[in-house]
Amino acid sequence: MKVSVSFLSSSNIPEDLKKLNETDVDYIHMDIMDGKFVLAKTMPFREMRNIYKYTNKRLDVHLMVEDPKKYIPLYAELNTEYITFHVEVMDRIEENLELIKSYGIKCGLAIKPNTPVKALVPYLPLLDLVLVMSVEPGKGGQQFISSTEDKIKEVRALLDSYHSNAVISVDGGINEETKAMCYECDILTSGSYIINSKSFQKRIDSLR
Ligand code: DX5
Ligand code: ZN
C-alpha cells in the first residue's frame with residue numbers, strides 16, 4: 001500500500017516536512033482550499049512554494065477549489081506526480097483534466113461522501129486517479145465515514161468494468177483501524193494520524 005501524508009494539521013510545516021524526508025512515505029499530499037469550494041482557505045501559492053522547498057518527496061496535490069484552472073499551472077511547476085480536483089465543480093472538467101495532462105502530470109478527480117460514484121463515469125477514460133473522500137473536505141482530524149468502505153468497492157468495480165488503470169486513493173480519518181475498510185485502495189492519504197505522532201515512520205509502517 002502506498003501512503004501519502006497531508007500536512008494540513010501541522011503546526012510546524014518546514015520541520016514536519018524535513019522529518020518526512022527521513023521516512024519512506026510515497027507522496028506529500030498538498031491540500032489547497034480557496035475559501036469558496038470549502039470554507040477554509042490555505043496559504044497562497046507564493047508561500048506554498050517556499051514551504052515546498054523543504055521536501056524532497058513527490059507531491060500529490062488535492063485542489064479543493066471552485067476554479068481548478070487557476071491553480072493547475074502553478075502546482076504543475078513543482079515536483080508533482082498527481083493533481084486532483086473535485087468532480088463537484090461541474091464545469092470544464094474534461095478541459096481541466098487535459099490541462100493537467102498537458103504538463104505531463106497525472107490527473108485525478110476527487111469525490112465527496114454524498115456524491116454518487118456514477119458522476120465519475122464521463123471522465124473515466126482520462127483519469128489516472130480517483131480520490132475517494134472519507135470525510136467532508138475542509139479540515140483535518142475528522143472521523144472516517146464508514147460508508148466509504150462500500151463506496152471504494154463501487155469505485156473499484158466501476159474502474160474494472162471500464163478497464164481503467166486509474167488508482168484509488170482515500171482521504172480523511174485514515175489510521176491503523178480505519179485502513180481495514182480501505183484494502184481495495186492503492187494509496188492511503190493520512191494527515192493527523194501521522195503528523196500528531198512522535199514517530200512518523202512507525203505510523204507510516206502501520207498503514208502499509
Ligand atoms: C480534508 C483533507 C484531507 C485531510 C487529511 O479536507 O483533504 O487531506 O486533511 O487529514 P486527516 O487524516 O487528519 O483526516
Ligand atoms: Zn486532501
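A polar contact is a pair of N or O atoms within 3.5 Å; within protein, one atom must be able to donate a hydrogen and the other to accept it, and residues adjacent in sequence count only if both atoms are side-chain atoms. The model is predicted, so local features need pLDDT of at least 70 and side-chain atom pairs count only at pLDDT 80 or more, while totals for chains, interfaces and linings use all residues. Residues are numbered from 1 along each chain as its sequence is written, chains are lettered from A and ligands numbered from 1 in the order in which they are written, and side-chain values use heavy atoms, leaving out hydrogens and water.

The fold contains a closed barrel of 8 strands, in the order β1-β2-β3-β4-β5-β6-β7-β8, with parallel pairing. Strands are DSSP runs (E, at least two residues), numbered from the N terminus, and two of them pair if DSSP finds at least two bridges between them. Strand β2 (residues 27-33) pairs with strand β3 (residues 58-64) in the parallel sense over 7 bridges. Within this pairing, D31 has H62 in β3 as its bridge partner.

For S192, a polar side-chain atom lies 2.5 Å from an oxygen atom of ligand 1. Ligand 1 is surrounded by 18 residues (each with a heavy atom within 4 Å), and G138, G141, D171, G191 and S192 are the closest. Strands β2 and β3 each supply at least two residues of this shell.

Note on methods:
Helices (H or I, at least four residues) and strands (E, at least two) are DSSP runs, numbered from the N terminus.
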